[in-house]
Structures are given as structure tokens and as C-alpha cells.
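These are my notes from one sitting with the model. I wrote them in the order in which I looked things up.

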Amino acid sequence: MSFAGDRLTRAWYHGAWWLWLLRPLELLFRLLAATRRGLYQLGLLPVYRPPVPVIVIGNITVGGTGKTPVVIALVEALQEQGIRVGVVSRGYGASGLRRPHRVGADSTATQCGDEPLLIQGRTGCPCVAAPDRPAAVRALLLAAPVDLIVSDDGLQHYALARDMEIALLDADRGTGNGFCLPAGPLREPAGRLQTVDFVLYRGSEDPESGVRYQPDCLVNLVSGERRPASPSSLGSDVRAVAGIGQPEQFFATLESLGFHIERHAFADHHSYTAEDFAGLIGQPIIMTEKDAVKCLAIAGEDAWYLGINALLPGPVLAAAAALADS
């Protein structure tokens with residue numbers, strides 16, 4: 001993240017008097033957001049309703065809230081019940097992605113984005129990336145038979161009808177100062193949370209609304225070797241690499257596992273090059289799984305990613321399964 005972007009984020013969540021100077025722009029943003037949503041609700045803008053149920057997992061704040069692990073956990077839970085699930089995603093970070101891209105074993109993050117690549121690799125489900133969500137859904141339905149579609153992000157993409165909405169918030173950050181962009185981190189007013197089916201809080205222990213992220217194991221990027229997520233596997237001193245919305249949470253996870261880390265934070269969806277790793281030789285590297293899908297050929301033989309599993313509340317899983325059966 002740039003210095004200006006980092007400063008703005010800190011201001012949103014920790015307070016700064018000068019944000020009040022942005023309130024006129026914030027009020028304009030609120031008006032435009034409400035008008036846009038109202039046009040869809042009134043049928044004045046077209047809405048595509050697929051022949052199968054759609055679950056949208058998204059957020060109302062700017063920045064990462066852990067959506068992708070939640071998408072993976074939900075897909076895997078439904079697959080275990082024999083439900084055929086497909087996923088659509090915007091494909092953020094892809095170069096010039098205009099037409100729907102069916103994600104497969106030969107796809108790259110440049111073609112479809114890192115999140116779709118990770119989701120398809122972890123779950124094996126049919127996955128299509130496209131900025132136009134209705135177009136992505138149509139392409140998915142033509143490519144594979146599915147009982148239910150999960151949209152990774154897209155809470156504000158009202159051109160796609162949905163049967164369930166799940167909004168994610170960080171338990172510590174919440175909605176920040178409560179203002180919309182640019183005076184605050186909200187893409188829509190906080191009242192939007194009253195209209196979704198579930199609000200889940202990353203890092204909360206609440207059995208009804210909390211989402212916990214459980215470290216799994218370390219996986220080598222080159223060999224695929226799996227080791228316990230412990231300093232006994234690699235040694236205690238490692239270089240930690242993260243290009244996600246909130247890299248400090250990943251770094252804190254590694255420290256909680258007992259590692260002594262040297263932090264290397266990049267912007268969310270960073271496009272890695274070999275130069276990014278040129279100065280990291282000499283100690284093991286641990287990165288996020290989302291970063292790893294972009295670094296398989298450039299990070300070196302001593303690069304590992306930390307697998308993470310999201311633990312979802314039972315009511316969410318039950319509601320999603322019931323929707324597929326309806």
C-alpha cells in the first residue's frame with residue numbers, strides 16, 4: 001500500500017480531524033450509492049436471475065476481510081454434502097480481463113486473478129472470473145452443471161440477483177469511523193448490514209457470527225512437501241511475505257506459531273517478480289496461499305505457504321445447504 005493509502009486507512013480506523021473536510025464528498029458518494037441501488041431495486045436497471053440459487057459473500061468496507069477462505073470453507077462444506085457448487089469472481093488483478101475466463105489447471109493469476117486461482121485449486125469446483133458477474137454466471141452455467149453458485153465478493157454488484165447475502169467484517173476494525181468513502185472505509189452505509197442474511201466477524205469467537213482462521217500446515221511451493229506449521233519444521237527465523245489487505249494479521253499468526261519473522265509487506269494483489277525475492281535468500285520464506293499461487297516459479301526452493309482453514313458458524317452452513325435443496 002502507498003504511504004498516502006496507509007495514512008488514510010489509519011485515519012479511518014483511528015480517527016483524524018481532517019476527515020471531516022471530506023464529508024461533502026462522502027455525502028455525494030452516499031447519494032450516488034443509494035441512487036444506484038434504488039435503480040436496480042425498482043427494475044430500472046436490468047438484473048439477471050440465474051436458474052440456480054446464488055450466495056454472495058462480500059463486505060461493505062474497503063480492504064481485506066478474509067472473504068476468500070470463507071468462500072473456500074463454504075464450498076468445501078457444501079461439496080461434502082454432495083452439492084455441486086460453482087464460483088464466480090471478479091478476477092481482481094488480472095490483466096485486461098473483459099470476457100469470462102474459465103479457471104483451470106493451466107490458468108495464471110495474470111489471466112484470472114489470484115483469488116479465483118486459489119479457490120479453484122483448493123476446491124476443484126468450476127470457477128469463472130469476469131468483472132461482469134451476470135456474464136460470469138452465464139459462462140459458468142454453460143461450462144458445468146451446478147446446484148448453487150457462490151459469488152466471491154460482489155455485495156454491491158446488483159446486476160446479479162442473489163438468494164443469500166453474507167457480509168464479512170473484521171471483529172477489531174468493525175466499520176471504522178462509520179463514514180463512507182472517501183471520509184471513511186465504507187462502500188455503503190453501515191445500515192446496509194441490516195439487510196443481509198448473515199454478518200460474520202473475522203477473528204470473533206461468537207458461535208453464531210464468528211469466523212476463526214485455523215493454521216493448517218506449511219506447503220513447499222516447488223515440491224509440494226507438507227510440514228507442520230511449527231519452528232521445528234523450518235527453524236525459528238523466517239522471512240514473512242504477504243500481499244494481502246491486512247498483512248499484519250498474517251504476520252501475527254506466524255508469531256503466534258513461534259516464528260521470529262522479518263516482515264515483507266506488499267500491496268494487496270501485488271504482481272510479484274523475481275526481483276521481489278532477490279534479497280530474501282538465506283532463510284526460509286513463508287507467505288500466504290493467495291500470494292503463493294503467483295510465485296510458484298520465482299520464489300525459490302525454500303519458499304513455503306501457510307495453509308489456512310476458515311471455521312464457519314453452523315447456522316450459515318445449514319442455511320446454505322437448505323438453499324441448495326430448495
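Is Arg192 buried or exposed? I found Arg192 buried, at a relative accessible area of 5%. I use buried for under 20% relative accessible area, exposed for over 50% and partly exposed for in between, with a 1.4 Å probe and protein chains only.

Before going on I noted the conventions: this is a predicted model, local features need pLDDT of at least 70, side-chain atom pairs count only at pLDDT 80 or more, and totals for chains, interfaces and linings use all residues. Residues are numbered from 1 along each chain as its sequence is written, and side-chain values use heavy atoms, with hydrogens and water left out.

**Entry: Arg192**

I placed Arg192 in the loop between strand 6 (164-170) and strand 7 (198-202). Helices (H or I, at least four residues) and strands (E, at least two) are DSSP runs, numbered from the N terminus. I then looked up the polar contacts of its side chain. One, of 2.8 Å, goes to the side chain of Tyr158, and another, of 2.6 Å, to that of Thr195. A polar contact is a pair of N or O atoms within 3.5 Å; within protein, one must be able to donate a hydrogen and the other to accept it, and residues adjacent in sequence count only if both atoms are side-chain atoms.

With neighbours within four places in sequence set aside, I listed Arg37, Ile60, Leu155, Tyr158, Arg162 and Glu165 as in contact with Arg192, contact being heavy atoms within 4.5 Å. Arg192 also belongs to a salt-bridge network with Arg162, Glu165 and Glu188. A salt bridge here is a side-chain nitrogen of Lys or Arg within 4 Å of a carboxyl oxygen of Asp or Glu.

**Entry: salt bridges**

I searched the whole structure and got 19 salt bridges.

- Glu26 and Arg30 have their closest N and O atoms 2.7 Å apart. Both lie in helix 2, four residues apart, about one turn of the helix. Glu26 is buried at 0%, while Arg30 is partly exposed at 27%.
- Arg49 pairs with Asp163 at 3.3 Å between the closest N and O atoms. Arg49 is in the loop between helix 2 and strand 1 (54-58) and Asp163 in the loop between strand 5 (148-152) and strand 6, so this bridge ties together parts 114 residues apart in sequence.
- Arg239 pairs with Glu262, with 2.6 Å between the closest N and O atoms. Arg239 is in strand 10 (residues 237-242) and Glu262 in strand 11 (residues 260-265), so parts 23 residues apart in sequence are tied together. Arg239 counts as buried at 12%, and Glu262 as partly exposed at 34%.

**Entry: nonpolar cores**

Which residues touch the most other members of the largest nonpolar core? I got Ile55, Ile57, Leu74, Val150 and Ile166, out of 38 residues. Helix 3 (residues 67-80) gives the most to this core, with seven residues. Another core, of 22 residues, lies apart from it and includes Ala136, Val137, Ala167 and Leu193. A nonpolar core is a set of buried Ala, Val, Leu, Ile, Met, Phe, Trp, Tyr and Cys residues joined through side-chain atoms within 4.5 Å.

**Entry: Ser232**

I found Ser232 in helix 7 (residues 231-234), exposed at 68%. Its side chain makes a polar contact of 2.9 Å with that of Ser230.
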